[in-house]
Amino acid sequence: MSEQNHVIHKDGQVSTDKVDNVIEKIAPEEREQILQNFDAFKEYLGKRIAMGESIGLSEEQMAKIAEKVADHLAANEEPRNREEKLLQELWNVGKEDERHMLAHMLVRLAQSSH
């Protein structure tokens, strides 16, 4: 897959506008496995955060990606468990700055669980 299809480029640049396309490329059965239980979701997110850290992404860059992922999930996926339902409700009532802060908290949550 060419670099133009990735959210994170080799030079460390982040293309958050590609998040939706990348998520849609995850096979439906894999997406279901990730979203079915909250621990699996945190583990998946934790691996992606660790990967981002290993290539030098800042917490701010990762939070911006997390925001785009959360926007996508809130708009396109039904919550599979209580934790996801709570996150979706918080996301939907949050203002832009509150959503950004929640994205930071999700990054830290994933860091602490990985």
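Predicted model: local features only at pLDDT ≥ 70, side-chain atom pairs only at ≥ 80, totals over all residues.
1. **Helices α4 and α6.** Two packed helices are described by the angle between their axes and the distance between the axes. For helix α4 (residues 59-76) and helix α6 (residues 96-113), the axes come within 8 Å. They cross at roughly 110°. Angles of 65 to 115 degrees count as roughly perpendicular, and α4 and α6 are therefore roughly perpendicular to each other.

2. **Who makes that contact.** From α4 come Glu59, Glu60, Met62, Ala63, Lys64, Ala66, Glu67 and Asp71. From α6 come Glu96, Arg99, His100, Ala103, His104, Val107, Arg108 and Gln111. How do the residues of the contact of α4 with α6 divide into nonpolar, polar and charged? Five are nonpolar, three are polar and eight are charged.

3. **Glu67, position.** Look next at Glu67, which is found in helix α4. Is Glu67 buried or exposed? Its relative accessible area is 16%. The cut-off for buried is under 20%, so Glu67 is buried.

4. **Glu67, partners.** Set aside the neighbours within four places in sequence. Glu67 is then in contact with Trp91, Glu96, Arg99, His100 and Ala103. The side chain of Glu67 also makes a polar contact with the side chain of His100, at 2.4 Å. Trp91 lies 24 residues from Glu67 in sequence. In space, the C-alpha atoms of Glu67 and Trp91 are 9.6 Å apart.

5. **Helix α2, buried face.** Which residues of helix α2 (residues 28-36) are buried? They are Arg31, Ile34 and Leu35. Seen down the axis of α2, these buried residues fall within an arc of 90°, so they line one face of the helix. That face packs against several helices: the buried residues of α2 meet α1 (19-24), α3 (38-54), α4 and α5 (82-93).

6. **Ser15.** Where is Ser15 placed? Ser15 sits in the segment before α1. Its relative accessible area is 13%. With buried set at under 20%, Ser15 is therefore buried. Not counting residues up to four places away in sequence, Ser15 touches His6, Val7 and His9.

Technical notes: Residues numbered from 1 in each chain as written. Heavy atoms only, no water. Axes fitted to C-alpha atoms, helices over the stretch in contact; angles between N-to-C directions. Helix = DSSP H or I, 4+ residues; strand = E, 2+ residues; numbered from the N terminus. Parallel < 35°, antiparallel > 145°, perpendicular 65-115°, else oblique. Contact = heavy atoms within 4.5 Å. Nonpolar A, V, L, I, M, F, W, Y, C, P; charged D, E, K, R; others polar. Buried < 20%, exposed > 50% of the residue type's maximum accessible area, 1.4 Å probe, protein only. Polar contact = N/O pair within 3.5 Å; in protein donor to acceptor, adjacent residues only side chain to side chain. Arc of directions from axis to C-beta.
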